[in-house]
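Dear colleague,

I am passing on the structure below, together with some notes on what was found in it. Please have it open as you read.

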Amino acid sequence: MKKILELFVSIASQPAILVALISMVGLLLQKKKANEVVAGTIKTFAGFLVLTGGATILETALAPFAKMFQFALHVQGVVPSNEAVVAIALVKYGTPTALIMLTGMIVNILLARFTRFKYIFLTGQAMLYMSCLSAVILISAGMGDGWQTILFGGIFEGTLLTITPALCQPFMRKITKSDQVAMGHTGNIGYASAGLIGKLFGDKSKSTEDLNIPKSLGFLRDSTVSIALLMSVVYVILAIATGPNYIESKLSGGTNYIVYSIIQAGTFAAGFVVVLQGVRMILGEIVPAFQGIAKKLVPNSKPALDVPIIFPYAPNAVLIGFFVSFFVGTLSMFAMIALGTTVIIPGVVGHFFCGAASGIYGNSTGGRRGAVLGAAFNSLLISWLPLFILPVLGTLKLAASTFADTDYLIPGILVGKLGSYGAITLVSGILIFLLVVVLTSIVLNAKDRSKVVPAK
């Protein structure tokens, strides 16, 4: 049984394998020829590896940035990092995490099949992390690691991963100019909030992608060039603030600190290029293949894919969102130092991916102002909410890291608070959550039917 669980987690937590299998099933359901099935499956697999490889390059280029930032400002505290906190938690909660993940996937498919929220969540590592969060909170609330935790943890996860893409889809239609893919990330609540903030306070007529650039600076219209130059300026300024001794002795292996900084900026731009190529490959294969599953198993369903899938649609908003998010996170850190609370150090990777996406969502409804305000609002959420989730994480609250994205933080805090009132209250809250989603689907379907004018 343990070996089977390990195999399941290995497959389901690897997006490239999971989505390639989904693609293969979709092509088989469409009764495609063997050569088309093989080609489509391999291209989907390779596309996701290209995408995740690009994301890894981005993270690698940002890692020294984070270390330089902490050294230059002389701060210590908790760094939100999903990967770090899950790695710690899986040592103790590995088995219930795997079983919750399996249950959650089944709940997601059932809800997509029988409700109007037809989104199949395909970001494997996000499902794993959400399963781990569910296990930690439910077990810390006293439910143990038996079938109750697995069942209700799976219901909670599956329901959450079905409804959060639905929150984002109105904005995804604006961003992608289509309704073919959904957002399958754990910052969805923050992204939808950013889109709403942009709609309320922004100016849609002035998009981040329509910035007026003089002809003499026309080369900046190339996203690769503009990203490399902007990151170089930021990296060099931070390197000067950090000083050559630390960088050359701890980070660069003796390479000149300015040269090293420029290389990291270039690496970041290269990672962005790789991500764009991966996105093109995935969209070219997974959307047609997914039609087979949509028609046969879950009619009209949409694949919910990882956050870099939207980066090509607004590269300027990516940079604006990242820098605004990180700046607000830094200001929040200084405010925590002044208030004497636990200090949440801004995680560069989290602020890049979540900040960039929030900038894109805010821009889709409110242009440049929407991008700035949307990214700032999301940054406030991911900067301050970690303070409130720490108390519900049991022994993990003592770790030097915690969960980073809004879809962990907001639902995690709510479920954790319910758990403090006992298992019955916690289970009741999870079941009410499921019921609200189902009833909302029924009401919206009835509303849609009432709008249909009968033919005379």
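In this predicted model, helix α7 is largely enclosed by the rest of the structure, because 10 of its 14 residues are buried, where buried stands for under 20% relative accessible area. The buried residues are Asn 188, Ile 189, Gly 190, Tyr 191, Ala 192, Ser 193, Ala 194, Gly 195, Ile 197 and Gly 198, and what covers them includes α6 (147-176), β3 (182-183), α12 (348-384) and α14. From its first C-alpha to its last, α7 reaches 20 Å, close to the 20 Å expected for its 14 residues at 1.5 Å a residue.

Two packed helices are described by the angle between their axes and the distance between the axes. For α7 (residues 188-201) and α14 (residues 406-419), the axes come within 6 Å and cross at roughly 100°, which means that α7 is roughly perpendicular to α14. In this contact, Asn 188, Ile 189 and Gly 190 of α7 meet Thr 406, Asp 407, Ile 410 and Pro 411 of α14, and the residues involved divide into 3 nonpolar, 3 polar and 1 charged.

The loop between α7 and α8 (223-242) holds Asp 203, which counts as partly exposed because its relative accessibility is 24%. Leaving aside residues up to four places away in sequence, Asp 203 touches Gly 366, Gly 367 and Arg 369. The C-alpha atom of Asp 203 is separated by 39 Å from that of Ser 134, and these two residues are 69 residues apart along the chain.

With kind regards

Conventions:
Residues are numbered from 1 along each chain as its sequence is written. This is a predicted model: local features need pLDDT of at least 70, side-chain atom pairs count only at pLDDT 80 or more; totals for chains, interfaces and linings use all residues. Side-chain values use heavy atoms; hydrogens and water are left out. Axes are lines fitted to C-alpha atoms, for helices over the stretch in contact, and angles run from 0 to 180 degrees between N-to-C directions. Helices (H or I, at least four residues) and strands (E, at least two) are DSSP runs, numbered from the N terminus. Angles under 35 degrees count as roughly parallel, over 145 as roughly antiparallel, 65 to 115 as roughly perpendicular and the rest as oblique. Contact means heavy atoms within 4.5 Å. Ala, Val, Leu, Ile, Met, Phe, Trp, Tyr, Cys and Pro count as nonpolar, Asp, Glu, Lys and Arg as charged, and the others, Gly among them, as polar. Buried means under 20% relative accessible area, exposed over 50%, partly exposed in between (1.4 Å probe, protein chains only). The expected span of a helix is 1.5 Å times one less than its number of residues.
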